[in-house]
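Hello,

Please find the structure below. Some notes on what was found in it follow.

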Amino acid sequence: EVDYDQPGSDYGEFIELYNPTSVNQSLASMVIYLINGTDGSVYTTIDLASAGSLPAGGYLLIAGPGVSAGSGAAKLDMSWTHDAIQNGKSGTTGSPDGMALVDTSDETLVDALSYEGAMTGISLPGFADPVSLVHGTAETAVDSNATDGSLCREPNGQDTGNDDADWKFCTPVTPGAENP
């Protein structure tokens with residue numbers, strides 16, 4: 001689940017990771033790159049190593065102090081106050097933005113999201129070749145700045161390899177908990 005745009009100023013931004021497997025997943029070499037769609041550059045790198053591991057069936061919430069994690073979820077506290085995650089297009093202008101979950105031990109793209117448009121041919125640190133942040137068809141859902149909600153995988157944790165089928169606008173937001 002990703003909430004990059006809230007009504008008014010963006011004080012409640014978050015990224016949620018979910019481990020749908022039956023085994024704990026180490027985060028020792030994992031990072032999230034936030035990527036600017038205008039020029040394809042990484043504008044923020046979030047190192048997940050301090051979170052340790054993500055338990056089987058567990059959630060990790062990456063957010064500033066103004067966002068609380070669901071019961072039992074781990075939280076990686078960021079110093080974000082507002083406007084830390086770029087919002088993609090503004091109306092019909094601008095560029096999409098994106099994020100990539102990367103295992104830096106072997107430069108593997110574990111997961112990605114390109115929102116408010118398709119981001120392909122992106123150069124990520126350590127990768128010899130450009131990567132696509134789109135799986136199948138680019139998602140068309142949009143996080144609203146008029147209605148409180150987020151982009152989430154629906155059903156919870158679904159990854160069919162087709163972003164447009166997997167990502168929906170969900171309300172209410174569920175940081176660190178199962179998607180609605």
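The model is predicted: local features need pLDDT of at least 70, side-chain atom pairs count only at pLDDT 80 or more, and totals for chains, interfaces and linings use all residues. Residues are numbered from 1 along each chain as its sequence is written, and side-chain values use heavy atoms, with hydrogens and water left out.

The structure holds two aromatic pairs. Rings of Phe, Tyr and Trp (its six-membered ring) pair if their centres lie within 6.5 Å; planes under 30 degrees apart count as stacked, over 60 as edge-to-face and the rest as tilted.

Tyrosine 4 is in the loop between strand E1 (2-3) and strand E2 (14-18), and tyrosine 115 is in strand E10 (residues 108-115), so the pair ties together parts 111 residues apart in sequence. Strands (E, at least two residues) are DSSP runs, numbered from the N terminus. Tyrosine 4 and tyrosine 115 are both buried.

Tyrosine 18 and tyrosine 59 also form a stacked pair, at 4.7 Å centre to centre and 25° between the planes. Tyrosine 18 belongs to strand E2 and tyrosine 59 to strand E7 (residues 59-63), 41 residues apart. Tyrosine 18 is partly exposed, at 29% relative accessible area.

Asparagine 36 sits in the loop between strand E4 (30-35) and strand E5 (42-47). Its relative accessibility is 15%, so asparagine 36 counts as buried.

Regards

How values were computed. Helix = DSSP H or I, 4+ residues; strand = E, 2+ residues; numbered from the N terminus. Buried < 20%, exposed > 50% of the residue type's maximum accessible area, 1.4 Å probe, protein only.
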